[in-house]
Structures are given as C-alpha cells and as structure tokens.
Amino acid sequence: MRFAVRVPATSANLGPGFDCLGLALNLHADFIVETGRPFHILIEGEGAKTIGRDARNLAYRTLVSALVRKGIAPPPLELTIRSSIPVTGGLGSSSTAIVAGLALAELMAGGAVECARLVEPAARLEGHPDNVSPALLGGLVASLMTEERVDALRVPMEKMPGAVLFVPVLRVVTHRARGVLPRVVSHEDAAFNVAHASMLVAALNAGRWDLVGRAMDDRLHQPARAERLIPALPDILRAARQAGAIGACLSGSGSAMLALVDTDADAVGEAMCAAARDRGVSGRAIVTRVDESGTVVLDRT
Ligand code: HSE
C-alpha cells in the first residue's frame with residue numbers, strides 16, 4: 001500500500017513570539033511510504049546529502065513509535081522524502097519529519113489525519129509547539145504549551161504578506177541555539193516581548209503592515225543568538241527593511257532569516273544576500289509565500 005503526506009516549512013518565533021508564534025511557508029516536504037517493500041529510505045532534494053537514511057531517521061522513527069503505540073507491528077516499508085526545505089536550520093525541517101511520522105501512522109492505522117489532534121503529540125516530541133502547529137494547521141498560528149495541554153489557534157489574516165528567506169550556508173542546530181540564551185531575563189525585557197508579540201498578532205490579523213516591522217522587535221532570543229552565533233544578523237535584517245520589507249527576523253533559532261514583504265520581494269532578497277556577502281556570510285535568498293493548507297494527505301491507496 002502507498003501512503004503520502006505533504007508538510008510545509010515553518011518559520012517560528014517571528015521575532016518576539018518566542019516558542020509560541022509560527023508561520024507556515026510554501027516550501028514543502030513530501031513523505032511517501034510504500035509498504036511490503038524491504039526497508040529503504042530515499043531522500044531527494046534538500047537534505048539528500050545530509051539526512052540519515054538508517055532506522056534513526058526522524059520521520060521513520062516517529063512513524064514506527066506511533067504505530068507501536070497504536071498496537072500495530074510496523075511492516076517492512078520504503079520511505080521516500082522529497083523536500084524543498086533547506087535543512088541548515090530555522091525552517092522547521094525536523095518538525096516536518098515529526099508531523100509526517102505521526103500523520104502517516106494515522107493513515108496506516110486506517111484512520112484520518114486530524115491535524116488539530118496531532119498538535120499535542122507533535123509538540124511533545126519536538127519540545128516546543130511553534131513549528132509543528134503551523135506545519136499542521138497552515139497560516140499564522142499561536143500556540144500555548146503547558147505541562148497539562150497544548151493548544152494551537154490559527155490567526156485569521158486580512159491579507160497575506162509575501163515571504164523572503166535568506167538561507168545561510170552556515171548550519172545552526174536548535175539545541176545549541178537554545179543553549180546560548182540567557183537563563184534569566186529582566187521584567188522590562190519580558191514586558192517588551194509581551195507587548196511586541198501581542199501587537200504583531202493584532203497587526204498581522206488586521207493587515208496593518210505599517211505596524212508589523214516595529215512589532216517584530218525582540219529582546220528574548222535574537223540579541224544573544226546574534227552575539228554568539230550569527231553576528232551578521234542585525235545587518236542582514238536592516239538591509240531587508242531598507243529594501244522595503246515590512247518586517248524581518250531570525251527564522252526560528254536560525255540560521256535562516258525571514259523578511260515579510262508586500263512588494264519588492266526580489267529586491268529584498270538581493271539586499272539580504274548583499275549585506276550577508278559584505279559580512280563574509282554566503283547563502284541564498286528564496287522568495288516564497290504563506291502556506292495556508294498545513295499538512296495534507298496526498299495518497300492512501
Ligand atoms: N522557538 C524555538 C527557538 C524555535 O527559538 O529555539 C526553533 O525552531
């Protein structure tokens with residue numbers, strides 16, 4: 001039998017919404033399972049040279065454990081991953097693997113993929129909800145994760161901004177990028193982020209592009225990550241704004257960066273690449289848009 005799901009890339013945090021805001025992007029990874037074949041993992045596109053193909057592969061591992069939890073013995077299978085999501089960090093590629101593993105297990109168990117119900121298990125496996133929630137639901141999503149439960153709510157948007165990514169060659173691993181964060185923050189900085197994240201959600205909801213850029217400022221994670229891991233970050237974000245982006249931020253824990261745009265997407269991409277080059281950072285720009293579909297089933301035959 002054949003089962004396939006498509007999961008979008010995501011950009012977490014959006015500046016001030018550390019561990020709670022995320023946006024789905026129109027870059028995707030398809031995960032295709034063929035049962036009744038000897039174990040084999042095939043990776044095409046982004047990650048073809050770097051993602052593991054043995055039984056420790058994250059999508060495979062997640063799928064097998066989810067089947068076992070359902071009391072189903074995992075059959076021999078071939079897994080193909082076909083992705084246009086860069087794996088150098090900040091675009092939710094590990095979340096796509098977790099989400100795909102859980103969604104494929106639902107299909108293989110004969111059920112439907114109910115994206116809203118997969119938010120909780122996916123967030124528990126990932127450790128934070130801000131990538132998996134938009135990967136499942138699409139669009140802009142606010143998440144609230146506590147020990148008791150995980151809730152995720154899609155934020156309606158009056159109009160959709162375009163998105164430009166700058167993807168440095170430099171790889172940043174999330175657990176390392178979390179390790180450089182300060183253990184303690186001041187009340188003033190916490191209040192700054194609460195105000196900015198709230199205004200960002202309101203401004204994106206209302207299509208008030210004039211407020212988005214200012215609302216994307218952050219004091220909880222970007223300063224430490226810029227200082228310790230990505231010193232060129234402020235220059236590249238400034239270049240995006242100067243070229244006409246409505247706002248710009250580190251994408252998730254980096255190294256990718258996200259600019260939201262209304263017009264001038266190509267000019268913003270070029271400006272980000274030029275600013276990076278000036279700082280000795282190589283990378284590429286990707287012009288994309290918001291994904292509104294979230295995780296979709298492509299095949300179950
Ligand atoms: N909110 C997480 C972090 C996202 O910033 O560490 C990781 O993609």
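Where is Asn13 found? Asn13 sits in the loop between β1 and β2 (21–35). This is a predicted model, where local features need pLDDT of at least 70, side-chain atom pairs count only at pLDDT 80 or more, and totals for chains, interfaces and linings use all residues. Residues are numbered from 1 along each chain as its sequence is written, and side-chain values use heavy atoms, with hydrogens and water left out.

**Whole chain**
- The protein chain has 10 helices and 11 strands (DSSP runs numbered from the N terminus: helices are H or I with at least four residues, strands are E with at least two).
- Its radius of gyration is 19 Å, which agrees with the value near 19 Å for a compact globule of 301 residues (taken over C-alpha atoms; the globule rule is 2.2 Å times the number of residues to the power 0.38).
- Along the principal axes, the C-alpha atoms fill a box of roughly 55 × 40 × 35 Å.
- Buried residues account for 54% of the 301 (buried means under 20% relative accessible area, exposed over 50%, partly exposed in between, with a 1.4 Å probe and protein chains only).
- Take the contacts between residues at least 6 apart in sequence: 73% of them join residues at least 24 apart (contact means heavy atoms within 4.5 Å).

**Around the end of β1**
- Ala12 belongs to strand β1 (residues 2–12) and is buried, at 1% relative accessible area.
- Leaving aside neighbours within four places in sequence, Ala12 touches a list of residues including Asp130, Asn131, Leu250 and Ser251.
- Cys249 is 237 residues from Ala12 in sequence, yet their C-alpha atoms are 9.9 Å apart.
- Asn13 also counts as buried, at 2% relative accessibility.

- Most residues other than glycine have a negative phi, and most peptide bonds are trans.
- Asn13 has a positive phi of about 80°.
- Asp19, in the loop between β1 and β2, has a positive phi as well, near 65°.
- Gly254 and Ser255 are joined by a cis peptide bond, with omega about 10°; Ser255 lies in the loop between β8 (247–250) and β9 (257–261).

**Asn57, a buried loop residue**
- Asn57 is in the loop between β3 (40–45) and α1 (58–69), and with a relative accessible area of 4% it is buried.
- A polar atom of the Asn57 side chain lies 3.1 Å from the backbone nitrogen of Tyr60.
- Beyond its neighbours within four places in sequence, Asn57 is in contact with Ile41, Ile43, Ile51, Gly52, Leu79 and Ile81.

Definitions and conventions. A polar contact is a pair of N or O atoms within 3.5 Å; within protein, one must be able to donate a hydrogen and the other to accept it, and residues adjacent in sequence count only if both atoms are side-chain atoms.
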